[in-house]
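Trainee: I would like a close look at one part of this model. Please take it step by step.

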Amino acid sequence: MTSAIDQAHWQSRLDELARKHGVPGAQLGILRLGADGGDELVTAATGVLHAGTGQPAGADSVWQIGSISKVWTATVIMQLVDEGRFALDTPVAKILPGFALRDPETTEAVTVWHLLTHTSGIDGDLFTDTGRGDDALEKYVALLADTAQNHPIGVTWSYCNAGYSLLGRIIEVVTGKTWDQAIRDKLFVPLGLTRTTTLPEEAMVFAHAMGHVKGGEEPVVAPVWGLPRAVGPAGLITSTVTDVLAFARMHLAGGLAADGTRVLSEESTAAMSAYQTDCPEKHLLGDSWGLGWFRCDWNGHRAHGHDGNTIGQAAFLRVLPEAGIAVALLTNGGSTRDLYAGLYDEIFGELAGVRLPAPFEPPAEPVTTDLAPYAGTYERESVRMEVFEQDGKPTLRTTLMGPLAKLEGEQVETYELIPVSPGMYAVRPEGMESWAPVTFYSLPTGEEYVHYGARATPKKLG
């Protein structure tokens, strides 16, 4: 017989590891499906919601789940596919009257599938504030006519927030409701979620987390609470680990809510976590992408999940179908990825006998690679990346640009690139224990790219 999940143990580990990694506050949830319907759900909370007020984090506090929202938006899209409103290969232009991108051929070619799988090539980090009105998404989509194309459609994978705002607009046009109302009616209500919202004024009625741009002994509260409303379908859901795990449970149960309500067809549920496309870089998130979910190989065990990062808040959701286990972690600053890595390796190791892959890091014995083929400037709408040698060391300098720079402040960061293998380097962001991969690669047609932070950034010619 499987022993019960030990709440006190995981509370203790959350307390200890959050302190170690300078995380002001966090909420953890562990769900294990029971074969006879007797699910186990354990939650824990630690620290504070706001370093300035000292309000303690609780099990019923709400947090921004960031880009985990994308899986929710993808779920509603798949519900509409189930209803026969459109298909995955339906061109977006056939659903949205007047839809236009900068390139007319791409406008005609981009499909719902391209948006779900981050392969449209649309520059994804357009964070222009189009207001708080119900027309925020409509106005946002109109801006895409002037937005750069990161890469030709379908030739590589690059994380695309804009594509999910576009999916949100598709939901609005097809349902005749705002994305906020549609996702409430089609997901929050049938799943019985009582503390999941999309608008700041809805979250304010609960004890809610504030982001921190710096954790540790002297935490610094974020300058603003949230992102513009038009980013909603890509990352504005606010929730608790209990509600997030009710969503995950539905996906584990083949599309059925806990009370037996059919929320999504079994076929569409399976398609969402099934292989759709490869990621050029396989260490940061997953090795491949489904329809909304990213897919991870955990030492031969197939898991899926999503992360979320907003202004000073970070969220992590992982699902291991073979064990019927889902784990959610919501945080508000500090070295959040280090907290995730330590906790999840312990949790899945103890409950399922599955360990997470060893963290990405440079080889123990230093290697030398030739930087010359990769040196130069890489640029997309929101960031410039310069690769060069400084004092004999390979170096990466990133400069934040555009509306995102206005939101988060002018940011220039310089990292030493530690060689891992030809075309792959490791950087360690300040204050982090974990390493991040920087991958250089070329498309079959010869264009050169760098993949960093889950984005493909093209090399500037000349």
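Trainee: Leaving aside its neighbours within four places in sequence, which residues is Asn 161 in contact with?

Mentor: This is a predicted model, so local features need pLDDT of at least 70 and side-chain atom pairs pLDDT 80 or more, while totals for chains, interfaces and linings use all residues. Residues are numbered from 1 along each chain as its sequence is written, and side-chain values use heavy atoms, without hydrogens or water.

Now to your residue. With neighbours within four places set aside, Asn 161 is in contact (heavy atoms within 4.5 Å) with seven residues: Ser 67, Lys 70, Gly 124, Asp 125, Phe 127, Ala 234 and Arg 455. Keep two of these in mind: Lys 70 and Arg 455.

Start with Lys 70. The side chains of Asn 161 and Lys 70 make a polar contact at 2.6 Å. That term means N or O atoms within 3.5 Å, one able to donate a hydrogen and the other to accept it; residues adjacent in sequence count only through side-chain atoms.

Is Asn 161 buried or exposed? Asn 161 counts as buried, because its relative accessibility is 7%. The cut-offs are under 20% for buried and over 50% for exposed, with a 1.4 Å probe and protein chains only.

Next, the helix. Asn 161 lies in helix 7, which covers residues 161–175. Helices (H or I, at least four residues) and strands (E, at least two) are DSSP runs, numbered from the N terminus.

Helix 7 packs against helix 6, residues 136–143. The angle is about 130° and the axes are 9 Å apart. Helix 6 is therefore oblique to helix 7. Axes are fitted to C-alpha atoms, for helices over the stretch in contact, with angles from 0 to 180 degrees between N-to-C directions.

Which residues meet there? Helix 6 brings Leu 137, Glu 138, Tyr 140 and Val 141. Helix 7 brings Ala 162, Ser 165, Leu 166, Gly 168, Arg 169 and Glu 172.

Now follow Arg 455. Arg 455 points from strand 21 one way, as does Thr 457. Ala 456 and Pro 458 point the other way. All four are buried.

Strand 21 pairs with strand 20, residues 448–452, in the antiparallel sense over four bridges. Two strands pair if DSSP finds at least two bridges between them. Across this pair, His 451 stands opposite Ala 456. The hairpin of strand 20 and strand 21 has two residues between the strands. There, Gly 453 takes a positive phi near 65°.

Five strands form an open sheet, in the order 17-18-19-20-21, with antiparallel pairing. Strand 17 (418–421) and strand 21 (455–458) are the edges, each pairing on one side only. From one strand to the next, the twist averages 30°. Further along the order, strand 18 (residues 424–427) pairs with strand 19 (residues 436–442) over four bridges, again antiparallel. In that pair, Met 424 stands opposite Thr 439.

Asn 161 sits in helix 7 and counts as buried. Its side chain makes a polar contact with Lys 70. Asn 161 is also in contact with Arg 455, a buried residue of strand 21.

Notes:
Parallel < 35°, antiparallel > 145°, perpendicular 65-115°, else oblique.
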